[in-house]
Amino acid sequence: MSDASLHQASTAQPGEGGFGDFFALLKPRVMTLVVFTALVGLLAAPVALHPIEALAAILFIAVGGGAAGALNMWWEADIDAMMRRTRKRPIPAGRVTRDEAFAFGITLAAMSVVMLWLATNAVAAVILAFTIFFYVVIYTIGLKRWTPQNIVIGGAAGAFPPMIGWAAATGSVSLESVLMFALIFMWTPPHFWALALFMRGDYDQAGVPMLTVTHGRRATRVHILVYTVLLAALAVGAAFTQIGGPVYLAVALVFNALFLRDAVAIWRRDERAAEADDYRVEKRAFRLSLWYLFAHFTAILAEAALAGLGLGGPGPGVWS
Ligand code: HEM
Ligand SMILES: CC(C)=CCC/C(C)=C/CC/C(C)=C/COP(=O)(O)OP(=O)(O)O
């Protein structure tokens, strides 16, 4: 689609969008990992919810996350229209109006919080509400267009879901859920900056002050390495806490070694070499980041299951 036709198409008429367009507003692919980490938080908690309650909790967390995605797209329609990766989204493509996206997002957001409260408890609902607020108001509206620290601070939004899951089961916040939060918080910058490197001019064109734009691509490569080292220390160190154990340790050692290998490779490359092989290493690191988080949270779940069976796992009493 040419820029001219895209601009023309962006004047959508209300009621044009179909089910698929509204579903796309929920950012379903990104939300899979959000929902998975919330599920692990919920299942790893020492209090078992009734399966129907657990299902409801996960559904409402997913709806809340999706609502936040829709509100993000409502606010960012102008940026999305300028970037190759995002210009086919429902609003810039002219299939959903901004007003529709706002109404859809705000309704789902309110509904998800109220329903999570009714299905579980106030603590979980308040953290969900805060997470939506953080992603939409603090990150999307407040930080993203103004500071290259947007990802580092804004990443906190994506780190809350396991805490919501844990709170849904226990009604409280605990060291375990804070550790899960910390893991995602430290993981987000390398996850995103790897992508920013191979998206090349996208953020430049849209005027978004990502690190690649404000401090350059070499600085971004250094930042990826520094954050990956910090992440590895945290992730491996967590093996010796309540969420860890031997299974988790094995997974953490393997995935952190792989992620560090990629971070070092990214750091060593100059732009010409990266461009020559179409950012193969950066793309590999981004894909690995998704498996990395999935593997760590699967291991946390495995440790909780083993502890439940009395076979080891979390808790200094068993593991140390
Ligand atoms: C501020 C924090 C974050 C930023 C800026 C960010 C950015 C991005 C971007 C731009 C993409 C490409 C998505 C697309 O084009 O649709 C992506 C992909 C993805 N992100 Fe993140 N991300 C963040 C945090 C997270 C978190 C916390 C999770 C999950 C726990 C996550 C999970 C994913 C997944 C699963 C994909 C792959 C989606 C696909 O298959 O295309 N991200 N991320
Ligand atoms: C439960 C709940 C409310 C969860 C929210 C989870 C959350 C904040 C995930 C963040 C992941 C995400 C879509 C980042 C995209 O950044 P971006 O919006 O800058 O990316 P874009 O350029 O693709 O729009």
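Let's start with the spacing: the C-alpha centres of domain 1 and domain 2 lie 22 Å apart. Keep in mind as you look around that this is a predicted model. The domain assignment of the chain puts residues 1–173 in domain 1 and residues 174–312 in domain 2.

Now look at where the two domains meet. On one side are 30 residues of domain 1, and these are in contact with 28 residues of domain 2. On the domain 1 side, the elements that give two or more residues are H3, helix H5 (77–82), H8 and helix H9 (161–170). H3 gives the most to this side, with seven residues. By class, the domain 1 residues that touch domain 2 come out as 19 nonpolar, seven polar and four charged.

Step back for a moment and take in the whole chain. You'll find 17 helices and zero strands in it. Along the principal axes, the C-alpha atoms fill a box of roughly 65 × 50 × 30 Å. How does the radius of gyration of the chain fit with that of a compact globule? A compact globule of 320 residues would have a radius of gyration near 20 Å, and the chain has 20 Å, so the two agree. Of the 320 residues, 48% count as buried. Sequence separation is worth a look too: take the contacts between residues at least 6 apart in sequence, and 73% of them join residues at least 24 apart.

Next, the inside. The largest nonpolar core has 100 residues, and those touching the most other members are Leu42, Ala57, Ala70, Ile164 and Ile300. H10 provides the largest share of this core, 13 residues. Both domains take part, as the core draws at least three residues from each of domain 1 and domain 2. Leaving aside residues up to four places away in sequence, Ile300 touches Val40, Ala44, Met180, Ile243 and Tyr248.

Now for the ligands. Which residues are closest to ligand 1? They are Arg29, Val30, Leu33, Gly154 and Gly158, out of 18 residues that surround this ligand. The shell around ligand 1 draws at least three residues from each of domain 1 and domain 2. At least two residues of that shell come from each of H3, H8, helix H10 (175–198) and helix H16 (280–308). H3 gives the most here, with six residues. Sorted by class, the shell around ligand 1 has nine nonpolar, seven polar and two charged residues.

Ligand 2 is the last stop. It is surrounded by 19 residues, and the closest are Gly65, Ala68, Tyr135, Ala157 and Gly158. Which helix supplies the largest share of the shell around ligand 2? That would be H4, with six residues. The helices that each supply at least two residues of this shell are helix H3 (28–44), helix H4 (51–75), helix H7 (122–143) and helix H8 (150–159). Divided by class, the shell around ligand 2 holds nine nonpolar, seven polar and three charged residues.

How values were computed. Residues numbered from 1 in each chain as written. Chains lettered and ligands numbered in written order. Predicted model: local features only at pLDDT ≥ 70, side-chain atom pairs only at ≥ 80, totals over all residues. Near = placed C-beta within 6 Å. Helix = DSSP H or I, 4+ residues; strand = E, 2+ residues; numbered from the N terminus. Nonpolar A, V, L, I, M, F, W, Y, C, P; charged D, E, K, R; others polar. Domains from an automatic or database assignment. Contact = placed C-beta atoms within 7 Å. Rg over C-alpha atoms; globule rule 2.2 N^0.38 Å. Buried ≥ 20, exposed ≤ 12 C-beta atoms within 10 Å, placed from the backbone. Core = buried A, V, L, I, M, F, W, Y, C linked by C-beta atoms within 7 Å.
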